[in-house]
Amino acid sequence: MTTEAPPAKVRLTEELERSRPMRVLVACEYSGRVRQAFRRMGHHAYSCDILPAEDGSPFHIQRDVREILGGWAPLEHWQIEHDRTPWDLMICHPPCTYLTNAGARWWPGRQQEQADALDFVRLLLAAPIPRIALENPPGRIGSQIRKADQYVHPWEHGHMETKTTGLWLKNLPLLVPTNNVRDAMDKLPPAEKHRVHWMKPGPDRWKERSRTYQGIANAMAAQWGVLLRPND
């Protein structure tokens with residue numbers, strides 16, 4: 001018994017839908033690095049943060065991301081037509097102040113702040129979006145919610161620095177290293193290869209420490225932006 005192939009028009013429609021640009025939400029990002037990486041790949045990517053975009057991009061939504069997880073006005077026509085969230089993929093960077101092991105000495109006096117931070121992480125991971133990647137340093141998320149699916153390092157993607165970052169993934173493959181420069185990095189002085197850890201105190205220190213490395217942002221866009229089928 002043979003299976004009849006679908007009509008050519010149906011096959012064409014399915015192929016066009018699979019190849020359409022994804023609608024990507026980059027939550028809690030003001031630098032625009034991940035958003036820019038996905039837009040360079042041709043995707044409809046928007047960053048969202050309560051802070052303005054550093055690059056002044058019109059593709060930045062300055063508001064609380066919780067307000068747009070289920071949709072956003074410019075995309076509502078697509079949402080209504082398809083009866084689902086307009087976002088195909090979300091990459092989120094929730095603040096790590098009360099979550100990272102680096103701030104463990106402050107935890108005893110910040111129980112409520114930590115509880116609120118964990119609730120925010122749970123909300124992001126449970127968002128009605130088909131594919132999600134949440135990044136954060138090692139800390140409370142791993143012990144209170146679930147272990148990270150993988151840990152990535154800047155030196156795996158061309159940056160001769162150390163900064164361990166966990167990725168909690170939903171329907172996404174593990175990120176594959178693109179340019180391992182660890183051998184060269186290991187020859188650098190500690191102050192250079194541990195730049196983030198040794199960064200001097202200052203009003204913008206938290207901003208500098210929170211930015212996604214461009215090599216990692218590029219890897220996310222190149223690997224997740226090509227392999228995904230938005231209509232799945």
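Is R146 buried, exposed or partly exposed? R146 is partly exposed, at a relative accessible area of 31%. Here buried means under 20% relative accessible area, exposed means over 50%, and partly exposed lies in between (1.4 Å probe, protein chains only).

The model is predicted; local features need pLDDT of at least 70 and side-chain atom pairs count only at pLDDT 80 or more, while totals for chains, interfaces and linings use all residues. Residues are numbered from 1 along each chain as its sequence is written, and side-chain values use heavy atoms, with hydrogens and water left out. The pLDDT is the predictor's confidence in each residue, from 0 to 100. Its average over the chain is 82, and 75% of the residues score at least 70. Residues 8-17 fall below 50. Beyond near neighbours in sequence, this stretch has four contacts in the model, a contact being heavy atoms within 4.5 Å. Where pLDDT is low, the predicted coordinates should not be read in detail.

Charged pairs are considered next. Side chains of opposite charge can pair when their charged atoms come close. A salt bridge is defined as a side-chain nitrogen of Lys or Arg within 4 Å of a carboxyl oxygen of Asp or Glu. By this rule there are seven salt bridges. One of them joins R146 to D149, with an N to O distance of 3.0 Å. D149 is partly exposed, with a relative accessible area of 37%. R63 and E67 also form a salt bridge, at 3.0 Å from N to O. R63 is partly exposed, at 35%. In the salt bridge between R182 and D186, the closest N and O atoms are 3.8 Å apart. R182 is partly exposed at 41% relative accessibility, and D186 is partly exposed at 37%.

R182 also faces an aromatic ring. Its charged end sits over the ring of W155, 4.9 Å from the ring centre. The criterion is NZ of Lys or CZ of Arg within 6 Å of the ring centre and within 35 degrees of the ring normal. The charged end of R39 likewise sits over a ring, that of F59, 3.4 Å from its centre.

A pair of aromatic rings is described by the distance of the centres and the angle of the planes. Rings of Phe, Tyr and Trp (its six-membered ring) pair if their centres lie within 6.5 Å; planes under 30 degrees apart count as stacked, over 60 as edge-to-face and the rest as tilted. Helices (H or I, at least four residues) and strands (E, at least two) are DSSP runs, numbered from the N terminus. Y46 is buried at 12%, whereas F59 is partly exposed at 30%. Y46 and W87 form an edge-to-face pair too, with 6.2 Å between centres and 70° between planes. W87 lies in the loop between α3 (76-82) and β4, 41 residues from Y46. Both Y46 and W87 are buried. Y46, F59, W72 and W87 make up one aromatic cluster.

W87 also belongs to the largest nonpolar core. In soluble globular proteins, nonpolar side chains tend to be buried together. A nonpolar core is a set of buried Ala, Val, Leu, Ile, Met, Phe, Trp, Tyr and Cys residues joined through side-chain atoms within 4.5 Å. The largest has 28 residues, of which L25, V65, I68, W87, M90, L124 and L134 touch the most other members. Two or more residues each come from β1 (23-27), β2 (44-49), β4 (89-92), α4 (111-125) and β5 (131-136). The largest share, six residues, comes from α4. Leaving out residues up to four places away in sequence, L25 touches Y46, C48, V65, I68, L69, W87, L89, M90 and I91. Another core, of 22 residues, lies apart from this one and includes L89, A219, A221 and W224.

Two further buried residues were examined. S47, in strand β2, is buried at 0% relative accessibility. Beyond four places in sequence, S47 touches V26, E29, R35, F59, H60 and I61. G215 is found in helix α10 (residues 214-227) and is buried at 12%. With neighbours within four places set aside, G215 contacts H157 and H159.
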